[in-house]
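Please read it alongside the model shown here.

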Amino acid sequence: MKLSVIAFTSRGLRLAERLPGLLSADGIHVKLCACFGGTSVSAAEWTRQAFSDSDALLYIGAAGIAVRCAAPFLRSKLTDPAVLVMDEGGRFCISLLSGHAGGANRLAERIASLCGATPVVTTATDGRGLFAVDEWAARFGCALLPKDAIRLVSGALLEGKPVGFLSDFPIAGELPKGFVSSPPEGSPCVHVTCSAGDGDPQCLRVVPRASILGIGCRRGISEQAIAAAVDEFLALHRWERASIREICSIDLKQDEEGLLAFCRSLGVPAHFFPADTLAQMQGDFSSSDFVSSVTGVGNVCERAAVCGGGTLALPKFVREGVTVALALAPVELSFTDWRE
């Protein structure tokens with residue numbers, strides 16, 4: 001985690017200078033900035049930069065400064081970095097924004113415990129000790145869809161109403177308080193799945209990023225053609241695009257601009273493997289003599305997907321010069337000590 005810290009007084013800076021040493025054991029890299037005494041850095045410019053390259057921001061000063069500086073950059077509680085505030089005397093550490101998905105609540109509690117401060121966490125589920133599905137999903141790197149359903153799930157829990165919980169993957173531990181495996185009809189529910197869902201606005205899908213796409217393509221193909229093939233493939237299997245964690249192919253394609261551009265558009269890494277590595281993969285793969293004559297292996301997309309570390313889940317699909325397959329990586333989820 002990268003934590004950017006700004007202080008507005010010399011006393012606040014002394015507090016900030018303690019944080020790198022205190023948080024290093026937690027794997028948190030702290031970057032400090034002073035904004036007083038004629039410094040050229042403005043709080044607004046610091047905030048703009050920190051929002052783009054940090055996981056969390058800590059303002060040591062008045063909460064009003066943090067609110068006014070952060071406001072222009074806010075987009076979504078599911079994607080914004082955590083925003084925290086501490087007074088210059090180190091008495092309180094406030095979780096201001098992105099308390100669950102961004103991790104501000106836990107970070108406020110951790111910093112407070114290290115500095116001898118009082119953590120201030122105002123989210124209702126935390127105040128009542130209830131399960132926060134968005135915080136839990138963020139811990140395991142899962143996407144949440146549709147985001148409006150988060151409010152329905154949390155609202156039901158706060159009102160003491162049962163919420164359904166379904167999962168296509170094993171989850172260690174017992175269901176959290178308020179969740180049931182067989183909810184009454186019409187109740188909101190949480191479904192851990194890579195499925196695209198049926199459009200139920202009361203069903204919050206927790207989507208593990210566990211899908212590995214294997215892609216083969218002809219030379220010089222466009223990003224748009226690859227995107228169209230992938231979208232048709234996912235729609236055919238009702239598979240959620242948000243589950244994609246990486247794209248794999250043969251090393252002959254490592255300079256294929258259309259494929260690289262598609263990876264950038266998804267925000268996922270691309271991995272490329274030589275033909276002999278692909279050939280060593282074990283499984284029931286389709287094969288093409290033509291593909292073998294060009295690449296040295298009879299199938300690229302299925303073997304590449306498996307080579308990425310998964311088990312083949314969706315077989316080869318062909319669309320206008322693009323082949324696509326999907327492997328599913330192991331998914332490890334747990335309710336045990338979910339807030340640690």
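**Sheet and ring pairs**

Strand 14 (residues 244–250) and strand 15 pair in the parallel sense, and four bridges join them. The model is a predicted one, and the points below are grouped by topic.

- Five strands make up an open sheet of mixed pairing, and their order is 15-14-13-17-16.
- Strand 15 (270–273) and strand 16 (311–319) are the edge strands, and because each has a single partner strand, one side of each is left without a neighbour in the sheet.
- On average, with direction ignored, neighbouring strands of this sheet are turned by 25 degrees against each other.

**Helices on the sheet**

- Helix 9 (residues 223–236) lies across strand 13 (211–217), strand 14, strand 16 and strand 17 (322–328), and runs at about 125 degrees to strand 16.
- Helix 10 (residues 257–266) also packs on the sheet, where it touches strand 13, strand 14 and strand 15, with its direction at about 170 degrees to that of strand 14.

**Aromatic pairs**

- The structure holds 11 aromatic pairs, among them the tilted pair of Phe131 and Trp136, with 5.8 Å centre to centre and 55 degrees between the planes.
- Both Phe131 and Trp136 are buried.
- Phe165 and Phe335 form an edge-to-face pair, because their ring centres are 5.2 Å apart and their planes stand at 75 degrees, which is over 60.
- Since Phe165 lies in strand 8 (residues 163–167) and Phe335 in the segment after strand 18 (333–334), this pair ties together parts that are 170 residues apart in sequence.
- Phe165 is buried at 6% relative accessible area, and Phe335 counts as buried at 8%.
- Ring pairs link Phe131, Trp136, Phe140, Phe165, Phe179 and Phe335 into a cluster.

Note on methods. Residues numbered from 1 in each chain as written. Predicted model: local features only at pLDDT ≥ 70, side-chain atom pairs only at ≥ 80, totals over all residues. Heavy atoms only, no water. Phe/Tyr/Trp six-rings, centres within 6.5 Å; stacked < 30°, edge-to-face > 60°. Buried < 20%, exposed > 50% of the residue type's maximum accessible area, 1.4 Å probe, protein only. Helix = DSSP H or I, 4+ residues; strand = E, 2+ residues; numbered from the N terminus. Pairing = 2+ DSSP bridges. Axes fitted to C-alpha atoms, helices over the stretch in contact; angles between N-to-C directions. Contact = heavy atoms within 4.5 Å.
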